[in-house]
Amino acid sequence: MTDHAMTRSQRVQESLRATAVGRARRRPKTFGEHRVCADEVCRTLLSRYNCEAFCFQHAPARFRRLRGEFTAGYSARQAS
Ligand SMILES: [Zn+2]
């Protein structure tokens, strides 16, 4: 029983380490520095890792909806 548990946790650690190494080696995709939000009055500096043209506040609504109560379950309840 104990041996089995140990083997399992070791395997998890190995896979975690492999993932970390893979991530460190791969060069992150960047989208240019010093880009600002595409909103005309907004001057929020965008992260070079942000592939969007807008800052988080001006991002299209589809991103914000995911965090709210507009989920698949919510829609299903409304439909019935
Ligand atoms: Zn903005």
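A residue is called buried if 20 or more other C-beta atoms lie within 10 Å of its own, exposed if 12 or fewer, and partly exposed in between, with C-beta atoms placed from the backbone. This is a predicted model, in which local features need pLDDT of at least 70, side-chain atom pairs count only at pLDDT 80 or more, and totals for chains, interfaces and linings use all residues. Residues are numbered from 1 along each chain as its sequence is written.

Start with the whole protein chain. It has 3 helices and 2 strands, in the order α-β-β-α-α along the sequence. Here helices (H or I, at least four residues) and strands (E, at least two) are DSSP runs, numbered from the N terminus. Of the 80 residues in the chain, 2% count as buried.

Next, select His34. This residue lies in the loop between α1 (2-25) and β1 (35-36). His34 counts as exposed because it has 7 C-beta neighbours inside 10 Å. Check its backbone: phi is positive, about 60°, although His34 is not a glycine. Most residues other than glycine have a negative phi.

Stay in the loop between α1 and β1 and select Thr30. Thr30 has 11 other C-beta atoms within 10 Å and is therefore exposed. Leaving aside neighbours within four places in sequence, Thr30 is in contact (C-beta atoms, placed from the backbone, within 7 Å) with Arg48 and Tyr49.

Now move to Cys37, in the loop between β1 and β2 (45-46). Is Cys37 buried or exposed? Cys37 is buried, because 20 C-beta neighbours lie inside 10 Å. Not counting residues up to four places away in sequence, Cys37 touches Cys42, Thr44, Leu46, Phe54, Cys55 and His58. For a distance label, pick Phe54: C-alpha to C-alpha, Cys37 and Phe54 are 4.4 Å apart, at a separation of 17 residues in sequence.

Key
Two residues are in contact if their C-beta atoms, placed from the backbone, lie within 7 Å.
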